[in-house]
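Trainee: Hi, could we go through this model together? I'd like to start with the strands and then move on to the core.

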Amino acid sequence: MSSSGTRVLIVGGSLVGLSTAVFLAHHDVPVTLVERHPGTSIHPRAVGYYPRTAELLATVGVEAPAKAAASGFEKHRTRAGVESLAGEVLFSKEELEGGDELADLTPSSLLLLPQDRLEPILRARAEELGAELRFGAELRSFTQDADGVSAVVRDADGGESVVRADYLVAADGPRSTVREALGIGREGRGVLSRHVSIAFGADFAAVLGERRYSVVHVQNDRVTGILVHDDTLTEGTLIVGYDPEKGEGLDDFTDARCADLVSAAIGSDDVAVTIRSRFPWDMAELVADAFVSDRVLVAGDAAHQIPPTGGYGANTGIADAFNLSWKLAHVLAGTAGRALLDTYDEERRPVGLYTARQGSLQLAVRSRTATEEQREAAHDAMRVTMGQAYPSGAFVADAGADPLPLTSDPRTLRGEPGTRAPYVALERDGAPLSTLDLFGDGFVLLAGAEGDSWAEAAGEAAAGLGVGIAFHRVAPDAGEGRPVDVHGRWAEAYGVGAAGAVLVRPDGIVAWRSRDGMPGGAGGRALTATLRTVLAR
């Protein structure tokens, strides 16, 4: 049996697995991905990515090609309830209503692109960055020891080989064989309902006219389900439920029955329908009891199964990958202790529990079964995806500060450690820039208009710990080649004074801040101590 080696082995090549491969390769980590299917998804599945996810994709060069691929969906912003596409409209709502008002919060926007179109873009970027992607290869077994993981992989030709890796990332979906092999349990409400996604071809043009939908909830005497259509108006997906307790099963969904259900959702038997494929899945609220098990790390649907109402599943999984990748990179480089990986569970598991619950609450709200208490507990998408505050983890909280709630309106956050570093519009040499453009590679120290001394502090900490730190003084008079705070917003947005400084992690999360600066060499010592804590040194 042949053998090969890599630093990180990823099991699962869907959105989260591919995103992990891209993020790790971006950090120059040798990575191998195995996926049992012969290629990327042929099912649309996830279709919406919130601005925070677009920000993450921007750091690795994926947002721009994804936006280009999504250009045909720019008008697909309406979520509606209908008797059928040709029938009465029961309700209508714009996705991220007021999205034009987000310009002060983020430079990114809602990205509508079916999963079967985004995955090839991620695959191409991962390969461009040097990741080894082995489609048609299936994990058969694995063992881990003090030094790494040994995995037996069966390739498309039936041959088996051993892959030796320092760490394994399980991104193998809700029925994760890796998670189950580790004996990691799950908590939550469990399976709420069972569904089939029917991918089909049909000509929507005459029925839709000038209308374009992101999601359509269909209910009539022949079908109840959710329908989405693509930008060519020739392909779509219909999601319908079934109940095994009533004797219903997947075998009931013949081509003839699926075509009849699609015709009923369209509202016309005159539109020719071709069934392309079926994809069974469970709507569930389940979160793994642990995201870290020695040298195995669990991400995406393998870590948290989130009801798709609200569209949080893929977004949360990609955020998992972004959080995990820089930590793995530092541990593998020897600039962080292994305990840094424990903070992946510490930070992302509470988010998984919260977001899974939000998915269930959105399900109750949209099905009009929510109690008043449930409606009040259901938060808007920007709070869920952008307003998170880690309760603990790889950061140093402000001394004496009260803990933040797990999520808040992101506009109320002011650079508190454990939260997303705020977006502030800047310029450099007359060209548009933002604070977010400065993040994504390594640690970044931002200082105010009177914070020149922090440059020496950053150099001292970097030299002492062997960790790269990019320094930027952000001020209206920053000078040539430097970020210019043209609107004078930076200090207020980050909650510091003119002599203050903020340390931002590679994933754009605030790691620490000094509100008013420090005298003499205290800044270098404080920054060094902070990085030792953050990196578990």
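Trainee: Is strand β4 mostly covered or mostly open?

Mentor: Mostly covered: five of the five residues in β4 (residues 78-82) are buried. Buried means under 20% relative accessible area, while exposed is over 50% and partly exposed is in between, with a 1.4 Å probe and protein chains only. Helices (H or I, at least four residues) and strands (E, at least two) are DSSP runs numbered from the N terminus.

Trainee: Before we go on, what sort of model is this?

Mentor: This is a predicted model, where local features need pLDDT of at least 70 and side-chain atom pairs count only at pLDDT 80 or more, while totals for chains, interfaces and linings use all residues. Residues are numbered from 1 along each chain as its sequence is written, and side-chain values use heavy atoms, with hydrogens and water left out.

Trainee: Thanks. Which way do the β4 residues point?

Mentor: Thr78, Ala80 and Val82 point one way, and Arg79 and Gly81 point the other way. All of these are buried.

Trainee: And which strands does β4 pair with?

Mentor: β4 runs antiparallel to β5, with five bridges joining them, and it pairs with β12 in the parallel sense, also over five bridges. Two strands pair if DSSP finds at least two bridges between them. On the β5 side, Thr78 has Glu94 as its bridge partner; on the β12 side, Ala80 is partnered with Val216. A hairpin of six residues joins β4 to β5.

Trainee: What holds paired strands together in general?

Mentor: Strands of a sheet pair through backbone hydrogen bonds, either parallel or antiparallel.

Trainee: What's the strand order in the whole sheet?

Mentor: This is an open sheet of eight strands, in the order β5-β4-β12-β13-β14-β11-β15-β18, with mixed pairing. The edge strands, each pairing on one side only, are β5 (89-94) and β18 (304-305). Within the sheet, β13 and β14 run antiparallel and are joined by five bridges.

Trainee: Which elements does helix α7 pack against?

Mentor: The buried residues of α7 pack against β11 (186-202), α6 (205-208), β12 (213-219), β13 (224-229), β14 (235-242) and β15 (273-288). Contact here means heavy atoms within 4.5 Å. The buried residues of α7 include Cys258, Leu261, Val262 and Ile266.

Trainee: How far does α7 reach from end to end?

Mentor: α7 (residues 255-266) has 12 residues and reaches 16 Å from first C-alpha to last, close to the 16 Å expected at 1.5 Å a residue. That expected span is 1.5 Å times one less than the number of residues. After α7 comes Gly267, with a positive phi near 90 degrees.

Trainee: Switching topic: which residues touch the most other members of the largest nonpolar core?

Mentor: Val8, Ile10, Leu168, Leu297, Leu328, Phe443 and Ile469 do, in a core of 104 residues. Helix α8 (residues 313-333) gives the largest share, 11 residues. A nonpolar core is a set of buried Ala, Val, Leu, Ile, Met, Phe, Trp, Tyr and Cys residues joined through side-chain atoms within 4.5 Å.

Trainee: What does Leu328 touch?

Mentor: Leaving out residues up to four places away in sequence, Leu328 touches Val8, Leu24, Tyr167, Val169, Leu297 and Leu341. There is also a second, separate core of 29 residues, with Leu208, Val223, Leu238 and Ile266 among them.

Trainee: How many aromatic pairs are there?

Mentor: The count comes to eight. Rings of Phe, Tyr and Trp (its six-membered ring) pair if their centres lie within 6.5 Å; planes under 30 degrees apart are stacked, over 60 edge-to-face, and the rest tilted. Phe291 and Tyr344 form a tilted pair, 6.0 Å centre to centre with 45 degrees between the planes. Both Phe291 and Tyr344 are buried.

Trainee: Why is the pair of Trp326 and Phe443 called edge-to-face?

Mentor: Because the planes of Trp326 and Phe443 are at 90 degrees, with the ring centres 5.7 Å apart. Trp326 lies in helix α8 and Phe443 in strand β21 (residues 443-447), so the pair ties together parts 117 residues apart in sequence.
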